[in-house]
Amino acid sequence: VKPESVSLSPLGATAAPEQELLCIFGTGDFGRSLGQRLLQSGYKVVYGSRRPHSCGPLPMGAKVLSHAAAAESSSLVFLCIHRQHYDFLESLAPQLKGKVLVDVSNNLKKNLYPEANAEYLQRLVPGAHVVKAFNTLSAWALQNGPSDANRQVFLCGNRAEAKQAVAETATKLGFSVLDRGSLSAARELEDFPLRLFPEWRLPLLIAIGLSAFFFFYLLIRDVVYTYVVQGKDISFRIMVSLANKVFPIVSLIMLALCYLPGIIAAILQLYRGTKYRRFPDWLDRWMLCRKQLGLLALGFASLHVFYTLVIPIRYYVRFKIGAGIISQIKENRTSEFDNSIAWRGDSYFSMGILGFCLFLLLGITSLPSVSNALSWREFSFIQSKLGYLTVFFCTFHAYLYGWDRFLRPSTYKWFTPPGYMLSLIVPSLVLVFKLLLLLPCVDRTLTRIRQGWERCDPE
Ligand code: HEM
């Protein structure tokens, strides 16, 4: 049998396309990394420099000319210099006329200047078409190529053709482009790199606020109370016992806070009879930080699990067990096995373990690399249905832990309820309202509203 022959021919045009020449002003870290990336992606690169003969090492294959000569040789110029040094560009106005000028600059602080760098540049060189782009990438990200966290290039500019040219280059370098509109969006793009975990701020504040509140609340209830009433110093308990109350309490409340805004939104939709009215801003903001709230809550739950693991090896616990046995021997008595204590202990452990494992699943599936691999239906099944199940297990864990303690007057030291009771308020509300929303008549109306149906209120 004759082997089949395959004729190989180059992809696309028969002749190799002419390499496009791009110009870079600035030979700092960013300029060098950008040049290297452009060369690797098949462009020719020319640098514009004040001192073309002594500007330090540049990527292999790049040329260096004076600013004017470099600008003349290319239709697209990347400006990799600081805003303070833009003045000289005014004198290059003739060479830059009609050229696309890419402003990659950033500032060290917000609102340092009255106008955005890119708008200032457009005012200096009105004949050029300024595009703001690449400023959210670091030199490091350019050198290493696009990765998950650094895949996007935001751009904005007043001329569509100019943006198109920059977008094509960015795409060729392997980035995905997000057009943010006209040059008036430049300030917003310039503020992007200055943001420090903005979507984490509110969840972090909630976590710190709740932790501080419960720490002092439990410190007074447990340590100070025992010192004042019984004259005993049990301050050593701050390190493990108190921590192992604060962390699970905060975790449970924050987990419930992830699901509360969804409940409030559903109630609002039912009340308004439509899904076409905007939610209040605070609810929108709350909904947008649910993932961060959940991940922090998972962190706190993990701390609770670690603290729980060390309970058997604590000196205080071993001492108490030993002292108990010795006193039984001395008094010649044996304590009876209590079935209900065994049931109670095992049940709340079991609920805690189930809750924690589901909690881990929620956390893992909220990571972009995992959630991207799930369909929307799979994602919402895990985050919503299994999410409520997680709230249920963890809440039930705390109820079982409390058991009949709420009946004993000694539980209410200085007339205050114990921490775990306070931690049960929000999750219990979430679960009760969720059950109400699941009632067939309520669920049917909500589903219709979410499919676009609107209730016509009589005027
Ligand atoms: C209390 C175990 C997961 C919330 C406790 C206690 C233990 C325990 C031993 C009693 C601590 C003490 O005596 O001071 C476990 C185990 C878990 C788990 C083994 C999983 C492997 C969770 C999760 C949550 C949670 C995921 C909530 C998000 C609570 C709460 C308390 C508690 C609120 C009451 C704290 C207090 O005020 O004393 N858990 N737990 N637990 N746990 Fe868990």
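1. Leu298 is buried, because 21 C-beta neighbours lie inside 10 Å and the cut-off for burial is 20 or more. The model is predicted, and this count is computed from it. Leu298 sits in helix α11, which covers residues 290-309.

2. What does Leu298 touch, leaving aside its neighbours within four places in sequence? The contacts are Phe359 and Gly363. Both numbers fall in the range given for α13 (339-365). The C-alpha atoms of Leu298 and Leu362 are 8.9 Å apart in space, although 64 residues separate the pair in sequence.

3. Helix α6 runs over residues 160-172. Its 13 residues should span 18 Å at 1.5 Å a residue, and the end C-alpha atoms are 18 Å apart, so the length agrees with expectation. After the helix comes Gly174, with a positive phi near 100°.

4. Which residues of α6 are buried? They are Ala162, Lys163, Ala165, Val166, Ala167, Thr169 and Ala170. Note that Lys163 is on that list. Residues three or four places apart in an α-helix point the same way, because there are 3.6 residues a turn.

5. The largest nonpolar core holds 50 residues. Val77, Phe78, Leu101, Val102 and Val166 have the most contacts inside it. Helix α6 supplies the largest share of this core, five residues. Val166 deserves a look in the viewer. Not counting residues up to four places away in sequence, Val166 touches Val100, Val102, Val131, Ala133 and Leu155.

6. There is also a second, separate core, of 34 residues. Its members include Ala207, Leu257, Cys258 and Cys394. Cys394 turns up again at the ligand, as one of the residues that come nearest.

7. The ligand has 25 residues around it. Pro248, Gly352, Phe356, Cys394 and Tyr420 come nearest. Helix α9 gives the most, with seven residues. Helix α11 is also where Leu298 has its place.

8. By residue class, the shell around the ligand has 14 nonpolar residues, 10 polar and one charged. Gly352, among the nearest residues, counts as polar here, because Gly is put in that class.

Terms used:
Residues are numbered from 1 along each chain as its sequence is written. This is a predicted model: local features need pLDDT of at least 70, side-chain atom pairs count only at pLDDT 80 or more; totals for chains, interfaces and linings use all residues. Helices (H or I, at least four residues) and strands (E, at least two) are DSSP runs, numbered from the N terminus. A residue is buried if 20 or more other C-beta atoms lie within 10 Å of its own, exposed if 12 or fewer, and partly exposed in between; C-beta atoms are placed from the backbone. Two residues are in contact if their C-beta atoms, placed from the backbone, lie within 7 Å. The expected span of a helix is 1.5 Å times one less than its number of residues. A nonpolar core is a set of buried Ala, Val, Leu, Ile, Met, Phe, Trp, Tyr and Cys residues joined through C-beta atoms within 7 Å. A residue is near a molecule or strand if its C-beta atom, placed from the backbone, lies within 6 Å of it.
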